[in-house]
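Biologist: Please take a close look at the salt bridges here and talk me through the charged pairs. I would like to hear where the partners sit and how accessible they are.

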Amino acid sequence: DGDVRLFGVETLRDLGFAVLDAPDGPSALKLLEQHPEIDLLFTDVGLPGLNGRQLAEQARQRHPRLKVLFATGYVRDAIVHEGRLDEGVELLTKPFTRAQLAGRVRDVLDAPAPGQGRGPVALLVEDEPMLRELTASMLRELGFETREAGSVAEALESANTDAPDVALIDVSLGERSGLELVDELRGAHPRLPIILTTGYGDTLRGTLPADDDHTTVLAKPYGAHRLRDALAQHGLLRGPAHRSDAYRTDGAGR
């Protein structure tokens, strides 16, 4: 339905997503072949010819980690096996509002990819226990497995044992600076996304290498929305970001 498709496209674009649209299953498969970077297939179940379930099956044969969100105004039998949805497949019931679409898409994209087995791992380095626990809780809510360290030595031991997907490092770590930790981590993990947290963000602009595209700064205090923003800036969370005070190490605005 052209009107329903237009409603979905406009809503998702307003939220900051890049959107490709197709009127039927074969057209969608062609787009998926041309754009392997696609993260999410959002499809009506009741498509003519090749229905939504068949489309999803063929799409995931080509892209096993593709996430799928079905829209349907009918019973779940068309997509449910033995009372449950397939892994990596979610359902949005018609009619739906813009807010419902936005929330469901966010949930699907933040969930682990099909067959991933575990969420991305965040190394959290913070010597203040209460702040460390609060941040760890926010990371878990965002789908990350969290390994915690209270010192540079603990962080290095953890990173050398099993490299994380991102490191969140407080600049002030008591005996040693978080900047020293960044230098040591860069030797073994030159492309590791690193988020430095500090209450003195502006003072770091001149101390970090301008060509280090993998380190950003997140000013304290921060909440879940700004933490999500900082992670999304490194491509660790897909979709629209909230307003953030995180910046690139070259000082450029977002």
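Modeller: Glu184 counts as partly exposed, at 37% relative accessibility; buried means under 20% relative accessible area, exposed over 50%, and partly exposed in between, with a 1.4 Å probe and protein chains only. Bear in mind that this is a predicted model, where local features need pLDDT of at least 70 and side-chain atom pairs count only at pLDDT 80 or more, while totals for chains, interfaces and linings use all residues. Residues are numbered from 1 along each chain as its sequence is written, and side-chain values use heavy atoms, leaving out hydrogens and water.

The partner of Glu184 is Arg176, with 2.4 Å between the closest N and O atoms of their salt bridge (a side-chain nitrogen of Lys or Arg within 4 Å of a carboxyl oxygen of Asp or Glu). Arg176 is partly exposed too, at 30%.

Elsewhere, shared partners link Glu126, Asp170 and Lys220 into one salt-bridge network. Within it, Lys220 meets Glu126 at 3.2 Å, N to O. Lys220 lies in the loop between strand E12 and helix H8, and Glu126 in the loop between strand E6 and helix H5, so this pair ties together parts 94 residues apart in sequence. (Helices, H or I with at least four residues, and strands, E with at least two, are DSSP runs numbered from the N terminus.) Glu126 is buried at 4%, whereas Lys220 is partly exposed at 25%.

Then there is Arg62, whose side chain reaches Glu33 at 2.7 Å, N to O. Arg62 belongs to helix H3 (residues 52–62) and Glu33 to helix H2 (residues 25–34), so the bridge connects parts 29 residues apart in sequence. Both are partly exposed, Arg62 at 39% and Glu33 at 46%. The whole structure holds 13 salt bridges.
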